[in-house]
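Subject: Structure handover

Hello,

Here is the structure I promised to pass on. Please open it alongside this note. What I found follows below.

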Amino acid sequence: MSVRHGLLALLERAPMYGYQLRHEFERSTGFTWSLNVGQVYTTLARLERDGLVEQAGAADDGESKIVYRLTDTGQAELAAWFVTPVVTGERPRDELAVKVALAANTPGVDVDAVVRVQRDEAERGLRELSERKASAEATGDTAQLLILEAMTLRTEAELRWLDYAEAVSAR
């Protein structure tokens with residue numbers, strides 16, 4: 001997901017200024033993706049340049065914060081993004097796959113040890129995700145539950161792939 005489309009989605013909800021967008025972005029991604037506020041303002045400048053957002057005045061809090069709102073063009077861009085599938089096809093730069101493949105073909109490297117260390121980390125990560133999911137379920141945080149479940153399923157897939165890598169290495 002791009003920050004660009006994330007900000008457009010947030011502005012579809014209501015006009016906001018940069019710090020509000022940053023907080024809502026982080027909350028909406030289950031606090032799994034933190035943003036630098038400078039990145040928010042840089043992205044807002046590009047969105048404004050491209051006619052996707054416009055300034056909507058100052059915030060009501062008495063400070064000089066500029067509030068942005070979505071334009072009709074921005075709404076059309078957002079609508080198109082929501083109906084465009086995310087292509088997950090080949091990921092040639094999957095660091096773990098490349099690391100294990102290189103380990104398998106590098107003399108003196110214990111592939112099993114590389115896999116074992118990664119498995120330990122993945123299992124630790126699953127335990128942490130399980131705890132975070134329990135907390136999100138208790139608070140009813142749907143966004144966080146969705147993100148954490150996606151992360152859990154990816155980690156479980158990583159563990160299955162590590163089993164496969166270990167089996168291939170043993171041949």
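Is Phe 82 buried or exposed? Phe 82 is exposed, as its relative accessible area is 57%. Keep in mind that this is a predicted model.

Now the overall picture. The protein has seven helices and two strands. Starting at the N terminus, the order of the elements is α-α-α-β-β-α-α-α-α. The radius of gyration is 21 Å, well over the 16 Å that the globule rule gives for 171 residues, so the protein is more spread out than a compact globule. Along the principal axes, the C-alpha atoms fill a box of roughly 65 × 35 × 30 Å. Buried residues make up 31% of the 171. Take the contacts between residues at least 6 apart in sequence: 50% of them join residues at least 24 apart.

Helix H1 covers residues 3-13 and helix H4 covers residues 72-82. The two pack at an angle of about 115 degrees, and their axes are 10 Å apart. The crossing of H1 past H4 is left-handed. On the H1 side, the contact is made by Arg 4, His 5, Leu 8, Ala 9 and Glu 12. On the H4 side, Gly 74, Gln 75, Glu 77, Leu 78, Trp 81 and Phe 82 take part. Sorted by class, the H1 and H4 contact holds five nonpolar, three polar and three charged residues.

Then the aromatic rings. With ring centres within 6.5 Å as the cut-off, the count is three aromatic pairs. Two of them are worth a look.

One is Tyr 19 with Tyr 41. Their ring centres are 6.3 Å apart and their planes stand at 70 degrees, so this pair is edge-to-face. Planes over 60 degrees apart count that way. Tyr 19 sits in helix H2 (residues 18-28) and Tyr 41 in helix H3 (residues 37-49), so the pair ties together parts that are 22 residues apart in sequence.

Trp 81 counts as partly exposed, at 25% relative accessibility. Phe 82, as noted, is exposed. Both residues also belong to the H4 side of the contact with H1.

Best wishes

Definitions and conventions: Residues are numbered from 1 along each chain as its sequence is written. This is a predicted model: local features need pLDDT of at least 70, side-chain atom pairs count only at pLDDT 80 or more; totals for chains, interfaces and linings use all residues. Side-chain values use heavy atoms; hydrogens and water are left out. Axes are lines fitted to C-alpha atoms, for helices over the stretch in contact, and angles run from 0 to 180 degrees between N-to-C directions. Helices (H or I, at least four residues) and strands (E, at least two) are DSSP runs, numbered from the N terminus. A crossing is left-handed if the near helix is turned anticlockwise from the far one by less than a right angle, and right-handed if clockwise. Contact means heavy atoms within 4.5 Å. Ala, Val, Leu, Ile, Met, Phe, Trp, Tyr, Cys and Pro count as nonpolar, Asp, Glu, Lys and Arg as charged, and the others, Gly among them, as polar. Rings of Phe, Tyr and Trp (its six-membered ring) pair if their centres lie within 6.5 Å; planes under 30 degrees apart count as stacked, over 60 as edge-to-face and the rest as tilted. Buried means under 20% relative accessible area, exposed over 50%, partly exposed in between (1.4 Å probe, protein chains only). The radius of gyration is taken over C-alpha atoms; the globule rule is 2.2 Å times the number of residues to the power 0.38.
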